[in-house]
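Here is a quick walk through a model, one feature at a time. Keep the viewer open while you read.

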Amino acid sequence: MNWGCKLSYTRSIVRWYSSMRKQIDLTCFPTLDECDLEEQHIRGSGPGGSKISTTCSCVLLKHIPTGLVVKCQETRFLEQNRKRARLNLLTKLDIHLNGENSVQAQTARLQANRKASMDQKKEKIRELKRMWKERENID
């Protein structure tokens, strides 16, 4: 499997934010090179009994150039955890490198703008309703 493929991970990230796909700038989205990663498979911990504590399905990824570390134990399966750990590392790396231009920051700004627009519309409707009630002398 080609873990360094930018296209497949970019699609996965964009799928999370599919309603805002056209408004998010992905030109600065980072790529992962296998030579920059240090991967360890460790035994899991927490709830799940012997299925978790006896198998090495927990993945610990370290991005050597930046020192970012991600630990993933979301599923019982090693391959799924490897994929999810890489996605989590890409998200963390994007935030670390791009800051305010990261996908997560862009999405938060878009959501805040949408919420402000919706609040403004609601306030306008409330004001119109209040004016109507005053005009019609309704309590």
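## Ground rules

This is a predicted model, where local features need pLDDT of at least 70, side-chain atom pairs count only at pLDDT 80 or more, and totals for chains, interfaces and linings use all residues. Residues are numbered from 1 along each chain as its sequence is written, and side-chain values use heavy atoms, with hydrogens and water left out.

Helices (H or I, at least four residues) and strands (E, at least two) are DSSP runs, numbered from the N terminus.

## The sheet and the helix across it

Start with the sheet: it is open, has 3 strands in the order β1-β2-β3, and its pairing is antiparallel. Strands count as paired if DSSP finds at least two bridges between them. Both β1 and β3 (68-72) sit at the edges with a single partner strand each, so one side of each has no neighbour in the sheet. On average, neighbouring strands here are turned by 15° against each other, direction ignored. Axes are lines fitted to C-alpha atoms (for helices, over the stretch in contact), and angles run from 0 to 180 degrees between N-to-C directions.

Between β1 and β2 (residues 58-63) there are 6 bridges, and the two run antiparallel. Helix α3 lies across β1, β2 and β3, and runs at about 145° to β3.

## The nonpolar core

In soluble globular proteins, nonpolar side chains tend to be buried together. A nonpolar core here is a set of buried Ala, Val, Leu, Ile, Met, Phe, Trp, Tyr and Cys residues joined through side-chain atoms within 4.5 Å. Buried means under 20% relative accessible area, exposed means over 50%, and partly exposed is in between (1.4 Å probe, protein chains only).

The largest nonpolar core has 16 residues, and those touching the most other members are I24, L32, L37, L61, A85 and L89. Two or more residues come from each of β2, β3, α3 and α4, with α3 giving the largest share, 4 residues. L61 is a handy one to click on: leaving out residues up to four places away in sequence, L61 touches L37, E38, E39, L68, V69, V70, A85, R86 and L89. Contact means heavy atoms within 4.5 Å.

## Salt bridges

Side chains of opposite charge can pair when their charged atoms come close. The rule used is a side-chain nitrogen of Lys or Arg within 4 Å of a carboxyl oxygen of Asp or Glu, and the count comes to 10 salt bridges.

One of them pairs E34 with R86, with the closest N and O atoms 3.2 Å apart. That pair links distant parts of the chain, since E34 is in the loop between α1 (6-16) and β1 (37-42) while R86 is in helix α3 (residues 78-98), 52 residues apart. E34 is partly exposed at 37% relative accessible area, whereas R86 is buried at 0%. Over in helix α4 (residues 103-136), K115 and D119 are 4 residues apart, about one turn of the helix, and their side chains form a salt bridge at 3.1 Å, N to O. K115 is exposed at 52% and D119 is partly exposed at 35%. Salt bridges with shared partners also join E34, E39, E79, R82 and R86 into one network. R109 and E100 form another salt bridge, their closest N and O atoms 3.6 Å apart; R109 is partly exposed at 37% and E100 is exposed at 60%.

I52 belongs to helix α2 (residues 50-53) and is buried, with 8% relative accessible area. Neighbours within four places in sequence aside, I52 is in contact with G44, S45, P47, Q73 and R76. I52 and F77 are 25 residues apart in sequence, with their C-alpha atoms 9.7 Å apart in space.

## Cysteines

How many disulfides are there? The count is 0, with a disulfide taken as a pair of cysteine sulfur atoms within 2.5 Å. For C58, the nearest cysteine sulfur is that of C72, 7.3 Å away. C58 is buried at 0% relative accessibility, and C72 is likewise buried at 0%.
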